[in-house]
Amino acid sequence: MGVKEFKLPDVGEGVAEGELVSWLVEAGDTVSEDQAVAEVETDKALVEVPSPYNGTVKELLAEEGEIVPVGDVIITFEVEGEGDDASAEKAPEPETEADESGDDESDDDESDDESEAVAGESAEKGADQRAETPKGRVFAAPSARRLARELNVDIQSVDGSGPGGRVTDADVQAAANGQVESGVEETESESDAGPREVSTDEKKSAVSRRDDGQSAANGAAASAEAAGRDRTLAAPATRRMAEEEGIDIDDVPTDETRDGQAFVTPEAITQYAQAQREAREAEVQADAEAAEAGGAESATEAAEDGVAERIPYRGVRRTIGQQMEKSLYTAPHVTHHDTTVVDELVDVRAEYKELAAERDVKLTYMPFVMKAIVAGLREHPILNSTLDESDPDDAEILVRDEYNIGIAVATDAGLMVPVVKNVDEKSILQLSREVNDLASRARDRKVTREEMQGGTFTITNFGAIGGEYATPIINYPETAILGLGGIEKRPVVEESEDGDDVVAKETLPLSLSIDHRVIDGADAAAFTNTVMENLRNPKLLLLE
């Protein structure tokens, strides 16, 4: 049985990182190749990450909600046969095992540099192996495993209080507290033996490390100060550990050096992280005490005053925001508003709705509008264009000869715009099927990156939610977007020989935003007139 590491792949085109939204497996689960093991959200989309192996999940190395750089190991698998080599590579060095098993009485040793350097990395691996392999599986969340490593707690020895015996963070903390108490007792009982290096049995707790040479209080205060170096040597596993702790490895105090450079071990990371946490807790405690004494209002309370929730601005939401900002501040927007009567469109849709249902198609107004837009783009091709500004000194307007219409769909993560390709070549029913499919998968975050590319014009249907007019933001670098209000009866003046009458008609409000650098207001009005003419006479659309 070998152990295989799996690194977060580039799940988009050139993305540098992704948010691990959820794990679909947990340690101990049996997985097969291509089975989805996690959901990762990049700045492009939400994607499922498949397992590359048949095997058993050994450890989850990232937290849900954590931003993970592409190339970082996020999960390990135990794989039958193939991969034994990898397992062998990870086996602790013999010297390290001897050192860790620790022969109390032996060697207070000359911890020579080399063995320490190896121990720095292999101690972490050794801890992992103690946690996972010898006594069967332990069910625990990644956070509990990480906490156990930080506190040097053997997770195998922890009794889980969670469902099915799952080990929780609280269980690990309780076990660590037990170690602290026993460690303190041992220290006190040995205090007469004079100064010597702390040497417990098989474990080296964070407390014993911090007490090594000075009191706990003084040690925490001293090690909480950032070293602020420019360069630090450390094993890759140690650097990853620092990243997981959210600390800068150049700030970790150390007395060790390699080749004249500061060298940081995992123990130093653990000690510094613990000191940081204690320092923060001390600050919070001091703030609380000052507030109780009638002092100034707590800074934390003031900062959170009136805030119900903090939502991270990242992933698809951030990408949408950046795109909107770029569009609004790059293209000078002008919005043309109009309203057209669509009584016949309502009748035609009602007439064909049942026929479409018999073919298992839900017929909406959207395919008719798409056809009307294509008719308008054919007559006014400047609206079916993009502006190529890759060379600012030689920008070009690219007029498209294909009609790919993007449909803005509201999802939990914000607007997504899947694209219906070659609208001019498809029937109303074909378009209905495709729009329904894309919209449904967009809401489930299942559309691919390719399905959101290549648009030449975009529609946003805010009327489906409610409203008449808006100022849609252009899907840059396209040059126009059409917003649809809700179809409903509104008062319309109707001329007759007997005079003007105000009657109730089914009407559709339209809001067309254009990039005024490329499209003139007259073009926008002419295009809208063509679209409205086709919507007023929907049978013309059947010829498209």
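I take two strands as paired if DSSP finds at least two bridges between them, and I take helices (H or I, at least four residues) and strands (E, at least two) as DSSP runs numbered from the N terminus. The model is predicted, and I kept to its limits: local features need pLDDT of at least 70, side-chain atom pairs count only at pLDDT 80 or more, and totals for chains, interfaces and linings use all residues. Residues are numbered from 1 along each chain as its sequence is written, and side-chain values use heavy atoms, with hydrogens and water left out.

**Entry: strand S14 and its partners**

I began with strand S14 (residues 405-411) and looked up its cover, where buried means under 20% relative accessible area, exposed over 50%, and partly exposed in between (1.4 Å probe, protein chains only). I found 6 of the 7 residues of S14 buried, so the strand is mostly covered. I then followed its pairings: S14 and strand S16 (residues 419-420) run antiparallel and are joined by 2 bridges, with Gly406 opposite Val419. With strand S17 (residues 457-460) the sense is parallel, over 4 bridges, and Ile405 has Phe457 as its bridge partner there. Strand S15 (residues 414-416) pairs with S14 in the antiparallel sense over 3 bridges; Thr411 has Gly414 as its bridge partner, and the two strands form a hairpin with 2 residues between them.

**Entry: the open sheet**

Next I traced an open sheet of 4 strands, which has the order S1-S8-S6-S3 and antiparallel pairing. Strand S1 (2-7) and strand S3 (30-31) stand at its edges, each with a single partner strand, so one side of each is left without a neighbour in the sheet. For S1 I noted 6 bridges to strand S8 (residues 73-79), in the antiparallel sense, and in this pairing Glu5 stands opposite Thr76.

**Entry: backbone exceptions**

I kept in mind that most residues other than glycine have a negative phi, and most peptide bonds are trans. Against that background I listed the bond between Tyr476 and Pro477, which is cis with omega of about 10°; Pro477 is found in the loop between S17 and strand S18 (480-484). Asp360, not a glycine, has a positive phi of about 65°, lies in the loop between H12 and helix H13 (366-379), and counts as exposed at 72% relative accessibility. Asn422, also not a glycine, has a positive phi of about 50° and sits in the loop between S16 and helix H14 (428-443), where I read it as partly exposed at 28% relative accessibility.

**Entry: surface patches**

I found Glu495, Glu497, Asp498, Asp500 and Asp501 gathered in a surface patch of negative charge; Glu495 lies in strand S19 (residues 488-496) and counts as exposed at 69% relative accessibility. I also recorded a nonpolar surface patch of Tyr352, Leu355 and Leu542, with about 250 Å² of accessible area together, an area that comes from the Shrake-Rupley method with a 1.4 Å probe. Leu355 belongs to helix H12 (residues 343-358) and is partly exposed, with a relative accessible area of 36%.

Definitions and conventions
Patches are made of residues with over 30% relative accessible area and no salt bridge: like charges are joined within 9 Å, nonpolar side chains (Val, Leu, Ile, Met, Phe, Trp, Tyr) within 5 Å. A salt bridge is a side-chain nitrogen of Lys or Arg within 4 Å of a carboxyl oxygen of Asp or Glu. Lys and Arg count as positive and Asp and Glu as negative; His and the chain ends are not counted. The place of a charge is taken as NZ of Lys, CZ of Arg, CG of Asp or CD of Glu.
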